[in-house]
Amino acid sequence: MILCAGESLIDMVPEGANYRPLPGGAVYNTAIALGRMGAQAGYLWPISRDGFGDMLLRPLAEAGVDTGLCPRSDRLTTLAFVTLTGGEARYSFYDEGSAGRMFAPGALPDIPDDVSALFIGGISLVPDPCGSAVEALVERVRHRMPVMLDPNIRPFFIADEAAYRARLDRLIGMADLVKLSGDDLEWLMPGASFEEAAAAILDRGPRVVFQTGGSAGARAHWSGAPLAAQAVRVEVADTIGAGDTFNAGVLAALDRAGVLTRKGIQRLTPEVIAAALALGTRAAAITVSRPGANPPWAHELAALPS
């Protein structure tokens, strides 16, 4: 089972003069996408008992995602108000004292033996205590399973830049797969080219750095020659959840290839990585073609023209 540990929240998406509440959160979206693609997926994050909690649990159940590790909380659900500019999403978070924000390392559950890989990322890495909880989880399990990291950096959410940079540095050193967007790179390594940034990250220990670029497609930097996948042309509704869905496609493809294990991640081939890029970009294309974070089901991916 691929375990996704990180934030779930309610995206308040513009709809005329009002806002429409939609389940979301970077790591939550990846868990949903994995389940819809047919991968065995689990989710770990506190779920509030407020009115939004059931709204978050319902899509997980419909996608077949295991939520047995999710503690329930009397604290409130995080809200993210979305502003769309030219289809690009920007966020304002309401998160102080929320169910997820207050997730502490001491509340981490035991991780079952059937968990074979871990995905982390998003705003859950930024504040404490939840950021410390995610880091403690990685430290606990990384020696027995591969870890994928997508920081999905939101600069306006970062109160202590030095502390956050230090945490990302530690997590990169413990990760096997790292995904960065152009915005992530600009914040993380200002002035560096993607090739320079990827080389620096690979020197820290990760096996692959995935680069996403919207309509420019995606690339993979690893020990061999860089690999690329073209973006699938669609009419874009918005970009909410695109990178999260890409992550799920990569993980699902690696899982299908039998390499999403501690030993398997050491024997990646160009063919396997290219297949991961292809599934990631195809899945993301469907997500951006419709409003909100609405990842594709397996039958939709099968119907998408190559």
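Author: A salt bridge here is a side-chain nitrogen of Lys or Arg within 4 Å of a carboxyl oxygen of Asp or Glu. The model is predicted, and by this rule it holds 11 salt bridges. Side chains of opposite charge can pair when their charged atoms come close.

One of these pairs joins Arg 101 and Asp 95, with N and O 3.3 Å apart. Both Arg 101 and Asp 95 are buried.

Another joins Asp 128 to Arg 167, where the closest N and O atoms are 2.9 Å apart. This pair links distant parts of the chain, 39 residues apart. Asp 128 lies in the loop between β9 (117-121) and α3 (130-141), while Arg 167 belongs to helix α4 (residues 161-174). Asp 128 has a relative accessibility of 45%, so it counts as partly exposed. Arg 167 counts as buried because its relative accessibility is 6%, and buried means under 20%. Asp 128 and Arg 167 also belong to a network of salt bridges that includes Glu 135 and Arg 170.

A further salt bridge connects the side chains of Arg 290 and Glu 300, at 2.8 Å from N to O. With a relative accessible area of 18%, Arg 290 is buried.

Definitions and conventions. Residues numbered from 1 in each chain as written. Predicted model: local features only at pLDDT ≥ 70, side-chain atom pairs only at ≥ 80, totals over all residues. Heavy atoms only, no water. Buried < 20%, exposed > 50% of the residue type's maximum accessible area, 1.4 Å probe, protein only. Helix = DSSP H or I, 4+ residues; strand = E, 2+ residues; numbered from the N terminus.
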